[in-house]
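Please take a look at the model below.

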Amino acid sequence: MTDPKPSLDDKASRVAMVGIIAGMALTAAGMFAREPILGALGLVILFVAVVLRRPIARLLSPR
């Protein structure tokens with residue numbers, strides 16, 4: 001029996017979730033290290049992963 005392939009919406013959701021977690025981790029690291037560049041990088045990753053989640057999921061899905 002084979003596992004069903006996740007749909008594009010599921011992959012897009014996972015891309016957004018990973019982006020949110022990475023963005024929050026970098027923002028927290030920036031606050032801890034008092035480095036504003038890490039916080040800014042975290043917000044950029046968060047923005048890109050949430051806004052562009054469908055195109056990223058299409059790039060990651062096998063054809």
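Contact here means heavy atoms within 4.5 Å. Helices are DSSP runs (H or I, at least four residues), numbered from the N terminus. This is a predicted model, where local features need pLDDT of at least 70 and side-chain atom pairs count only at pLDDT 80 or more. Residues are numbered from 1 along each chain, and side-chain values use heavy atoms.

H1 and H2 pack with their axes 7 Å apart, at about 170 degrees. That makes H1 roughly antiparallel to H2 (angles over 145 degrees count as such). Axes are lines fitted to C-alpha atoms over the stretch in contact, and angles run from 0 to 180 degrees between N-to-C directions.

| Helix | Residues |
|---|---|
| H1 | 8–33 |
| H2 | 36–51 |
| H3 | 53–60 |

In H1, residues including Gly 19, Gly 23 and Leu 26 meet H2 residues, among them Gly 42, Leu 46 and Ala 49.

The structure holds one salt bridge (a side-chain nitrogen of Lys or Arg within 4 Å of a carboxyl oxygen of Asp or Glu). Arg 54 and Asp 9 form this pair, at 2.6 Å, N to O. Arg 54 lies in H3 and Asp 9 in H1, so the pair ties together parts 45 residues apart in sequence.

Methods
Helices (H or I, at least four residues) and strands (E, at least two) are DSSP runs, numbered from the N terminus. Angles under 35 degrees count as roughly parallel, over 145 as roughly antiparallel, 65 to 115 as roughly perpendicular and the rest as oblique.
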